[in-house]
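Open the model in your viewer and keep the selection panel at hand. We will go from stop to stop.

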2 protein chains.
Amino acid sequence: MSKSFIYDEIANKIAFQIRNGILKAGDKLPSVRTLCQEHGISMNTAKRIFLELEAQSLIESKPQSGFFVSKLLYLNLPLPEISRPSLIANNTEPNELITKVYSNMGREGVTLFSISVPSGNLLPLAKLKKEILYATRELREGGTEYEPLQGNVKLRRMIAARSLAWGGNLHEDDLITASGGMNSISFCLMALGKPGDTIAMESPCYPGTFQLAISLGFKVLELPTHPVTGLEIEALKKAIPKINLCFLVPNFNTPLGSCMPDEHKKEITALLAKHGIPLIEDDVYGDLYFGSQRPKCCKSFDLEGNVLWCSSVSKTLAPGYRVGWIAPGKYKDKLLKLKLVHSIASVSLIQEAVGNFLKTGRYENHLQQLRRTLKNNYQNYVHTIAEHFPEGTKTSRPQGGLGLWLELNKQTDTTELYDLAIKKNISIAPGRMFTLQNQFQNCMRLCIGLPWSDDIKFKLKQLGSLAKMIR
Amino acid sequence: MSKSFIYDEIANKIAFQIRNGILKAGDKLPSVRTLCQEHGISMNTAKRIFLELEAQSLIESKPQSGFFVSKLLYLNLPLPEISRPSLIANNTEPNELITKVYSNMGREGVTLFSISVPSGNLLPLAKLKKEILYATRELREGGTEYEPLQGNVKLRRMIAARSLAWGGNLHEDDLITASGGMNSISFCLMALGKPGDTIAMESPCYPGTFQLAISLGFKVLELPTHPVTGLEIEALKKAIPKINLCFLVPNFNTPLGSCMPDEHKKEITALLAKHGIPLIEDDVYGDLYFGSQRPKCCKSFDLEGNVLWCSSVSKTLAPGYRVGWIAPGKYKDKLLKLKLVHSIASVSLIQEAVGNFLKTGRYENHLQQLRRTLKNNYQNYVHTIAEHFPEGTKTSRPQGGLGLWLELNKQTDTTELYDLAIKKNISIAPGRMFTLQNQFQNCMRLCIGLPWSDDIKFKLKQLGSLAKMIR
């Protein structure tokens, strides 16, 4: 067994125990020496494990006493329940609710806890501007020409290079660009599915995906999903005979922020390949990890080319740029044809600018900063929620990404809470938005991508007071 | 009857007679005085009619002698036949041919007669760059934010304002933006059709459209199309019971460059509305008229909101920008939902830049110049073809747009010609690309959007020699 494999395995096991409350806040961890003896590892490896867990804010060191499960972070807020959706594709779209929430988003002065993008204040705006100017100068005919069908080669090369960080080993030729993440997923669903097909998804999941699936005439089968480890494998196994496609967000999916353990990713990838069910993997949040290491993807374990790995810069750099991509594995020809007939090409100029931004290393610097900010925000949110929300409020423990999932008292209707909050210029995303079934009425998602400030803290407090009012 | 209506009617009648060879090159036209008497119109109106026909290069004035049908322009090259496709949706895609032609387009040093976009030399590149820079400075968060779903309001306002020129009378709220013209059409077809539906189209037509339709599972019914007046109304009438959708390019469609007379537009629009068949109207070439007046659209006659008018800046300004739009009439809600689920939004920055370019009036100046250039190119092409192509070569008489359609001797196979020409670094678009049936094997389309030069003339000569060789 390789050294890095042992290291990962032990760190993940301890993290799992902490996240699931098996190890509780304040519990003492074994000493470095004990860990070495128990697992037959070196002192250096044991130390790296503790540093990793500390980087994830799961443990804290006390001088002369050793490591303890972090007291500060979770403040004993319990974890939401594992979801238990009905296992029949029984789709009732929350259209009115979604329309209401979206239509209020454009209003001046509203605090947008409801959206899942980083605020402009957290983005490298000046540097991006320079890249755009540079692209207009350097690109042939100033970017007015059609780009090659597969997309800007510089951008694809950089995405391929970055794939090493998650064990992807992609080549530029494995990638096709698209107009943002949703457009990538749309191409995958159109290329591989047909009306009447059933698609498996996490529950809860991002509303845009099931709206897309339903608009294409698919049936959506929501599967039980754990707030820490993501999709339940056993549920997927049972669903295999019923499904034609599978769509997953294994890394920091919205709204839960869960991260599927590597062994689950590997197992699911093999299982779906064995049954010839294409896996569309949305990795749009993968770079926003709070720990010290980029999580792997299902694509990392894809031996058959059965995984269509999709991502974009919409959650990390510039939602308005609409730059996304797909590594479609063995489905590349289908995807290329589809891109051609539906859009001919992507926007030359913007893809060139993003390609250059990635090339100069500015993207990595920016991501480091953004991850730090999001992790701090998450901790600040949880502190404020612990203090000001009704007793019994449960919160997810996202290991990355842009969202925090709250589960309130069973009687609390977050759609009602939405109506009260929007009057105070606070927009939240009620739980019912994230499912096609009657569940999550007492849940909501809060975006942690807003820069932390007294005003944000005040708005969270207000939200807590409103939640107490309607209990 | 209004004055401008009489003016249009008479000018169109004479133009029709010239284009169809009823009036022949060198024929004398009635004098201004005779025209006044025959039609009961004023001297001024009669003079305007002759000026309009002169602007279209259909007639020329000789001092002291009056007006004559232009000898220079057509050089007695006959018009191609009206198309007679099989009236059964019988779709054999020319996939191999299309792949071959497309894949050679990227080669260095190839003269691209095969593409249907204006060359970068004919575009206002420096001014566009300035608009991009300006947009990065002026747009909130430098354009990194999501745009409102319906699209940039400045751009929609300008498109609405410009619609007055073709009798459109649109409001900004009637328009939805998309990522280019094909993306607009893709949204329309997806919103209104379903697999198994039959869609009526002109024959020949742009390959991208039938590839899209077939990829969505539609059957394509090609209809007889006249090289001057476009789709044959009688054929459409007979097809009504068989079709679910109709897609037309009434103004300067590629490859023919035909322009449907207003009364046809009006009749077709009413006919389709009466039978509840949505009309998707692609007006992407509408601004590239060679005459003095912007032609109307079917949308100009749309009383029921049954026409989905689509256009873009891909043929006039910047193919690589991917800026298009739809005025979807009563289907607006469906289209908005579709845009949301497939793409969320368009690219903020580029839409703002194009919106500003339209607003400053630079677009109109550019179009005036581009139209002049294209018209001159067309005349130069026809001269060269008359001189160097095999006897009996027929050419379309485009009244605008970017393409010239050639019909060679029945025995000439333009796919074979393609193979010979590409060896000499000349790329043409063989006729078989523009149909799903076995027709047009002796035809081809040449792009007139390349700046005229000795080299282009030489390449045309070469092409003529090759065509003579394989007769």
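**Stop 1: a helix in chain B**

Select helix 3 of chain B and look at its other side: Asn44(B) and Leu51(B) are exposed there. Exposed means over 50% relative accessible area, buried under 20%, and partly exposed in between, with a 1.4 Å probe and protein chains only. Helices (H or I, at least four residues) and strands (E, at least two) are DSSP runs, numbered from the N terminus.

This is a predicted model: local features need pLDDT of at least 70, side-chain atom pairs count only at pLDDT 80 or more, and totals for chains, interfaces and linings use all residues. Residues are numbered from 1 along each chain as its sequence is written, chains are lettered from A and ligands numbered from 1 in the order in which they are written, and side-chain values use heavy atoms, with hydrogens and water left out.

Now colour the buried residues of helix 3 of chain B: Thr45(B), Ala46(B), Ile49(B), Phe50(B), Glu52(B) and Leu53(B). Look down the axis of helix 3 of chain B: its buried residues fall within an arc of 155°, so they line one face of the helix. The arc is taken from the directions from the helix axis to the C-beta atoms.

Check the length next. Helix 3 of chain B covers residues 43-55, and its 13 residues should span 18 Å at 1.5 Å a residue; the end C-alpha atoms are 18 Å apart, which agrees. The expected span is 1.5 Å times one less than the number of residues. Step just past helix 3 of chain B to Ser57(B), which takes a positive phi of about 60°.

**Stop 2: the seven-stranded sheet**

Move to chain A. Seven strands form an open sheet there, in the order 4-12-11-10-9-5-6, with mixed pairing. Its edge strands are strand 4 (176-178) and strand 6 (219-223) of chain A, each pairing on one side only. The twist averages 25° from one strand to the next. Two strands pair if DSSP finds at least two bridges between them.

Zoom in on strand 4 of chain A. Three bridges join it to strand 12 (residues 324-327) of chain A, and the two run antiparallel. Ala178(A) has Gly324(A) of strand 12 as its bridge partner.

Axes are lines fitted to C-alpha atoms, for helices over the stretch in contact, and angles run from 0 to 180 degrees between N-to-C directions.

**Stop 3: the four-stranded sheet**

Stay in chain A. Four strands form an open sheet in the order 13-14-17-16, with antiparallel pairing. Strand 13 and strand 16 (429-430) of chain A stand at the edges, each with a single partner strand, so one side of each is left without a neighbour in the sheet.

Select strand 14 (residues 403-407) of chain A: five of its five residues are buried. Gly403(A), Trp405(A) and Glu407(A) lie on one side, Leu404(A) and Leu406(A) on the other. Thr395(A) stands opposite Leu406(A), and Trp405(A) opposite Arg445(A) in strand 17.

**Last stop: the cysteines**

How many disulfides does a search of the whole structure find? Zero, over all chains. A disulfide is a pair of cysteine sulfur atoms within 2.5 Å. In chain B, the sulfur of Cys188(B) is 3.7 Å from that of Cys310(B), too far for a bond.
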